[in-house]
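Hi everyone, and thanks for coming. Let me put the structure up on the screen, and then we can walk through it together.

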Amino acid sequence: MIATAPGAAAGEGPVPLAAAAATPAPPPGAPAIRVDDLRKVYTVHERQAGMLASMRSLVRRRVKEVPAVDGIGFRVEPGEIVGFLGPNGAGKTTTLKMLSGLLYPTAGEVEVLGHVPWRRRREYLRQITLVMGNRNQLVWDIPAADSFELNRAIYRIPVADFRETLDELVELLDLSALLQKPVRQLSLGERMKCEVAAALLHRPRVLFLDEPTIGLDVTMQRRIRHFIGEYNRRHGATVLLTSHYMADVEALCRRVVVIHHGRLLFDGALTELVQRFSPHKTIVVELDEGAAGVDLSSYGEVVAVEEGRVTLRVPKAATAQVTGRLLAGVPVADLTVADPPIEEVIEQVFSGGTAGAAAGGAG
Amino acid sequence: MSPLATLGGELAGLWAAYVARFKVAIGVQFQYRASLVIWLVWTVMESVVYLVVWSTVAQSSGGQVGGYDAAGFAAYFLVTMVVNQLTFTWIMHEFEYRVRQGQLSPLLLKPLHPIHGDIAENVTYKALTSVVLVPALVLLCWAFRPALQPQPWMAAAFLPAVLLAFLLRFLSGWTLALAGFWTTRVLAINQLYYMAMLFLSGQMVPLSLLPGPVQALAAVLPFRWMVAFPVELLLGQLTPEETLAGFGAQLAWIAVHAAAAAVVWRAGLRRYSAVGA
């Protein structure tokens, strides 16, 4: 009886989700997410500390406008996983909140699955999910299974679909021992797994994941990461993911969108990001036995030395020349040239400032 | 699909959501049995105190005050206790916390308006507390012998009157709770509301015993329709015409509050959005 309750939206009945994923609502070929010139300006009341200042602010409030997102635009194709990168305060969360419908933008256009998110139409909300690693939706005092039931009713998931999805989530996330415990008794990692499951019971076609692995240990991070990839493969879901853990991004995202101070800094393949923004290469030299003490600082910046293994950082343009000199002048057992780790590149992008990074990319 | 079938499906879906919410609320409330009991004791005690005070006043003034004798007061305050139990709402004490802690955001992303969850929680709480309150009530009736002989039509009209009173009181409390979107100092506002309820809804004293100007004030404000109206109805103080007029007033106030709730909700969401959700 309840299970057959049709959805409120015209044509949005509880279709089996495998089919729903294969037949998106917007015209074929349309991107799942379209963002154009999106801006969000927060108005912040400025007030100095102290009694007098408080009194003064009662009479005349000083308002400051803080642009959190300052005219960004990008597209995400259906089924794509895109990493959304930027330092704290870059505007990532603000953007995700606008895309999921929590925030009204100050200006600009967004279309997700053909919907304007902040209208928060039910047929839109039923197709998306927002997971925030530092927020929770599960009811603290009761087992997760009960919260899942509540979501089933709210999203009007047919019982058979619900069972199937739940079984799948239990298997992929290894939840069977957790479901009947009150949520407050779960560890952070266990709770996060349940949060992720709760957010996916309605089989959303677009996932906004804001730091889904924050605060988790490495094993749990890997587990969640693997799960997100698996969910994307099985259901063709579109995923926009922010994370401070580059391992997440490297494992999941072929493409990244980088923002800094609310502006778009880069949109493209992860490998291209490294090439464009890293002005350096890393050369690892293994020295012959007996030559362990040789000083290589004249060849480049020595980053690490350990038991006959020296890591050098050299300007990208000089790589070939330095390699040649090394091979000619030093007793080398082995030599590898590599891009620096992605963390380093990202750090460089953000700390170097936009101008420096762009110049490095151009060179 | 016919519009009727669509509506039927819509209602069935809503009902399922309510049932699920009831279950969650029961699970949560059972974790807080102690506070449940404390609240019950408070509810009963409050009524008993008013009852005893006014009965004493009546006895010391020659058996009657303003048409109420001891049994009359017993009837008034016991029925008031029941009506108050069925209609009271506490959402304004929680909403500001919800906004401040960011707990509203997940609710906003659900394809169901958050007010449904609040109503379901309220009703669940009432259902749970009634299990203890009903025996308490029987005990109080035995102790205080209220004079209560409503005619059948009054008893019949009492139910919709309480239901409308609940809707009205819930909507006003919910709208007030939305102040949490604008300020973190909702306590003062809540206190003011609580005081107005206490004096102008008939909770502390029958409205007919209030001084003239206060009665006039009570007549033009919505509070009396949240408690006093169903109480007076069951006590047989209203004619059928007055009862019908009362239903009209309740419906009108509900319409006003529903409109206010919708407007304030929309403005509140804008505000919530402006500061970052």
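**A walk through the two chains**

Let's begin with one pair of residues: I33(A) stands opposite V112(A), which sits in β4(A). Before going on, please keep in mind that this is a predicted model.

β1(A) and β4(A) run antiparallel to each other and are joined over five bridges. What order do the strands of this sheet take? The sheet is open, it has three strands, and the order is β2-β1-β4 in chain A, with antiparallel pairing. At the edges we find β2 (62–76) and β4 (107–112) of chain A; each has a single partner strand, so one side of each is left without a neighbour in the sheet. From one strand to the next, the twist averages 30 degrees. There is a helix here too: α3(A) packs on the sheet and touches β1, β2 and β4 of chain A. The direction of α3(A) makes about 115 degrees with that of β1(A).

Strands of a sheet pair through backbone hydrogen bonds, and they do it either parallel or antiparallel.

Now let's step back to the domains of chain A. The domain assignment gives domain 1 (17–37 + 71–272) and domain 2 (280–362). How far apart do the C-alpha centres of domain 1 of chain A and domain 2 of chain A lie? They are 38 Å apart. The contact takes seven residues from domain 1 of chain A and six residues from domain 2 of chain A. On the domain 1 side, α9 (246–252) and β8 (255–260) of chain A are the elements that give two or more residues. By class, that side of domain 1 has five nonpolar residues, one polar and one charged.

Moving along to the other sheet I'd like to show you. Here four strands of chain A form an open sheet in the order β11-β12-β10-β13, and the pairing is antiparallel. β11 and β13 (332–338) of chain A are the edge strands, each with a single partner, so one side of each is left without a neighbour in the sheet. Ignoring direction, neighbouring strands of this sheet are turned by 20 degrees against each other on average. Helix α11 (residues 319–329) of chain A packs on the sheet, where it touches β10, β12 and β13 of chain A. The direction of α11 makes about 175 degrees with that of β13(A).

We can look at the pairings one by one. Strand β10 (residues 280–287) and strand β12 (residues 309–315) of chain A are antiparallel, with seven bridges. There, E286(A) has R309(A) in β12(A) as its bridge partner. Strand β11 (residues 301–306) of chain A also pairs with β12(A) in the antiparallel sense, over five bridges. β11(A) and β12(A) form a hairpin with two residues between them. Have a look at E307(A) in the turn, which has a positive phi of about 40 degrees.

Over to chain B, and to helices. Two packed helices are described by the angle between their axes and the distance between the axes.

Take helix α1 (residues 3–30) and helix α6 (residues 114–144) of chain B: their axes come within 8 Å and cross at roughly 55 degrees. That angle makes α1(B) oblique to α6(B), and the crossing is right-handed. Residues of α1(B) that meet α6(B) include Y18(B), F22(B) and I26(B), while those on the α6(B) side include A120(B), Y125(B) and L128(B). The contact of these two helices divides into eight nonpolar, four polar and two charged residues.

The other pair is helix α3 (residues 70–87) and helix α7 (residues 152–177) of chain B, with axes that come within 9 Å and cross at roughly 50 degrees. So α3(B) is oblique to α7(B), and α3(B) passes α7(B) in a right-handed crossing. V83(B), L86(B) and T87(B) in α3(B) meet V162(B), A165(B), F166(B) and R169(B) in α7(B). By class, that contact has five nonpolar residues, one polar and one charged.

Last stop: where the chains meet. 31 residues of chain A are in contact with 30 residues of chain B. Which element gives the most to the chain A side? The answer is α5(A), with six residues. That side of chain A has 17 nonpolar, five polar and nine charged residues.

Conventions
Residues are numbered from 1 along each chain as its sequence is written. Chains are lettered from A and ligands numbered from 1 in the order in which they are written. This is a predicted model: local features need pLDDT of at least 70, side-chain atom pairs count only at pLDDT 80 or more; totals for chains, interfaces and linings use all residues. Two residues are in contact if their C-beta atoms, placed from the backbone, lie within 7 Å. Ala, Val, Leu, Ile, Met, Phe, Trp, Tyr, Cys and Pro count as nonpolar, Asp, Glu, Lys and Arg as charged, and the others, Gly among them, as polar. Domain bounds come from an automatic or database domain assignment. Two strands pair if DSSP finds at least two bridges between them. Axes are lines fitted to C-alpha atoms, for helices over the stretch in contact, and angles run from 0 to 180 degrees between N-to-C directions. Angles under 35 degrees count as roughly parallel, over 145 as roughly antiparallel, 65 to 115 as roughly perpendicular and the rest as oblique. A crossing is left-handed if the near helix is turned anticlockwise from the far one by less than a right angle, and right-handed if clockwise.
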